[in-house]
Amino acid sequence: RRLSCQLGAQELSGMNSYVAAITDYGFPDLAPEAEILEPAGFRLLAGQSRTSDEVIELCRSADAILTQWAPVNREVIEQLERCRIIVRYGIGVDNVDLDAARERNIPVVNVPDYAVEEVADHAMALLLAAVRKIPAVVAQVRNGVWDIAPKRPIVGLTGRTLGLAGFGNIARAVARRAQAFGMQTVAYDPYASETVFAEYRTERVGWEALLDRSDFISVHLPLTSDTRHLVNGEALRRMKPGAFLINTSRGGVVQTEALTEALGQGVIAGAALDVLEQEPIPNDHPLLSMDNCLITSHCAWYSEDSLKRLQSYAAMEVRRLFEGGVPKHIVNGVKL
């Protein structure tokens, strides 16, 4: 389905040399993309594609593709006639077949730096809300119950250990916030350097040690074959009974069925999730009825500022390549 670019009510036009196809988007408009790409000779072709066939129809002759959620799979990539770059709006690239793009020598680029502070804020807010049981206390007050020591037990944060699964930019920003609350920080990340751990005053630990020692665990891992269901039943049973799990990264890192069972049986104290394996979560899912589980709607990334940065940074990656530069964040190993 081809839709207008929403920069008025019509598709951009003019004497443009290139076509940038936007497979789908949830933004109010595409003004940031147009501001960056039009002067570089691009015409924007925007859609709200949901299927492979729709993406192929829109993108077959495009020089560049920007995508949010639509499937850019092998079937799509093999039909691309002149595409030189695929940019994912956001950090995860689950909807793009990295191998197929690499075989065609098409770099796949993400935008990992547009909402670092927002996601870190949200992770910390979820931790605080879960540990302090704020939603439950608010609901109690609204129902006329005034209790100065409600919803026991509530633990303090000072001196507790926050474990970070992954130690990229967002996890490091969370570490700074946690330390300001008096927490000790440890992290599991086989790829981060010792210099980074030292800079952020965080102890490097192995996966098992992270589970054993942490009072709270905040997940900041990409979704790969190695990390899918890394937080499974075995991992949850290894955590402290009073521990809380926070996930603002990718839903598939946490095995939903195992987490539901662990929360229901009191294996861990609670969880707060912004991402899940199935989104949106079904209305009848048992997690929604559990007092010890908080769920937000994959919104950790959002602020008005980050929204504009996301669109602008994605467009800048396209422009950078076509002006002879190298994109900042190629994720599929293509060398340019």
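Modeller: Of the contacts in the protein chain (heavy atoms within 4.5 Å) with a separation of 6 or more, 61% are between residues 24 or more positions apart. Bear in mind that this is a predicted model, where local features need pLDDT of at least 70, side-chain atom pairs count only at pLDDT 80 or more, and totals for chains, interfaces and linings use all residues. Numbering runs from 1 along each chain as its sequence is written, and side-chain values use heavy atoms, with hydrogens and water left out.

Now for the inside: 51% of the 336 residues are buried, meaning under 20% relative accessible area with a 1.4 Å probe, protein chains only. The largest nonpolar core has 60 residues, and Phe-167 and Val-318 touch the most other members. (A core here is a set of buried Ala, Val, Leu, Ile, Met, Phe, Trp, Tyr and Cys residues joined through side-chain atoms within 4.5 Å.) Helix H5, residues 116-132, gives the most to this core, with ten residues; helices are DSSP runs of H or I, at least four residues, numbered from the N terminus. As for Val-318, skip its neighbours within four places in sequence and you find it in contact with Leu-37, Phe-42, Ala-64, Leu-66, Ile-85 and Val-87.

Technical notes:
Buried means under 20% relative accessible area, exposed over 50%, partly exposed in between (1.4 Å probe, protein chains only). Helices (H or I, at least four residues) and strands (E, at least two) are DSSP runs, numbered from the N terminus.
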